[in-house]
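Welcome! Please take a moment to look over the sequence and the model below, and then we will walk through a few of its features together.

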Amino acid sequence: MHAIEFLLVASCVFLLGGHRSSLAAGLLGMGLTVLCVGIGVFPYGERLGLVRIGSISLGNPVTLGLSAALVFMLCVSEGGRWLGLESHPTMRFLVSLGSAAMLMLSTSRGSWLMTIVGVLTILAFGKTYRRSAWWIVVLVPTVALFVTLSTGRGASVVKFYSAVATSDTSLSKKTSGRFNQWERLPVVFASSPIWGHGGGSGASIYHEFGGKELQWHSLYLQLLVETGAVGFLAFGAILLAIGNRAREHLRTTGEIVPLVAVLCYLTIGLSVSAI
């Protein structure tokens, strides 16, 4: 099912790439979907995006957080042109406000970090629309934070923020145990540095070296463990080629979004497998 999903997504991206109006409609639809999903699951679970009903658990906060982050950054970049909102400042403000609120309520720290990297990239290199981006970057998160804290989930947002910002919290707790996996990487990688331990073996290998069965919570960790140096370098070459295309696209067209996408992908890869 995942293979079919990836094939359909790749086909959609290829087809929409040549039709900007249809692409804008699809991306704006994603923004509306994020808002509807957030409202629908709001009463369930401590973290928005993770639904708990009795013994049933569905969803993942990072999934909602990443989608909300994408929509917010599209509102910030290039006057909202990628969403078809360049001439609709009021709608652009409302969409950015809704996506920012959902991003905060998701309490996905990886999504928060990715948004910071993306917004800083837009402000640093997106020269054409930099002035119009500032009012969204400053005003919208402020209003969204006020709205978020006034809801019943405000305490949860403060809790997860404090877990990162508090100086007396260990790195392991700040990263929900991810730092422990980075500590174990040298030993695991040294046991099979060239070819790795094989695709899909990550959880069992971590059980062998870490004492419990967990997936590697990082794109880079998973590649190094499962595919070794060969897979890691091959994937790095692919990302480098995409990054060069994005840089060239920025130089010739002035559009910053492809470059932002590459940098954000590299950032979220620190936190999740990102595949």
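## A pair of rings

Trp135 counts as partly exposed, at 32% relative accessibility (buried means under 20% relative accessible area, exposed over 50%, and partly exposed in between, with a 1.4 Å probe and protein chains only). Phe93 is also partly exposed, with a relative accessible area of 22%. This is a predicted model, in which local features need pLDDT of at least 70 and side-chain atom pairs count only at pLDDT 80 or more, while totals for chains, interfaces and linings use all residues. Residues are numbered from 1 along each chain as its sequence is written, and side-chain values use heavy atoms, leaving out hydrogens and water.

The model has three aromatic pairs (rings of Phe, Tyr and Trp, the last by its six-membered ring, pair if their centres lie within 6.5 Å; planes under 30 degrees apart count as stacked, over 60 as edge-to-face and the rest as tilted). One of them joins Phe93 and Trp135, which are stacked at 6.2 Å centre to centre with 25° between the planes. Phe93 lies in helix α4 (residues 89-105) and Trp135 in helix α6, so this pair ties together parts that are 42 residues apart in sequence.

## Helix α6 and its neighbour

Helices here are DSSP runs (H or I, at least four residues), numbered from the N terminus. Helix α6 covers residues 130-149, 20 residues in total, and reaches 29 Å from its first C-alpha to its last, close to the 28 Å expected at 1.5 Å a residue (the expected span is 1.5 Å times one less than the number of residues). Which residues of α6 are buried? They are Ala133, Ile136, Val137, Val140, Ala144 and Thr148.

Helix α5 (residues 109-125) packs with α6 at an angle of about 150°, and their axes are 9 Å apart (axes are lines fitted to C-alpha atoms, for helices over the stretch in contact, and angles run from 0 to 180 degrees between N-to-C directions). The two helices, α5 and α6, are therefore roughly antiparallel (over 145 degrees; under 35 is roughly parallel, 65 to 115 roughly perpendicular and the rest oblique).

## Two loop residues with positive phi

Most residues other than glycine have a negative phi. Thr107, in the loop between α4 and α5, has a positive phi of about 55° although it is not a glycine. Thr107 is buried, with a relative accessible area of 0%.

Glu78 is found in the loop between α3 (61-76) and α4, and its phi is positive too, near 50°. Glu78 counts as buried, at 4% relative accessibility.
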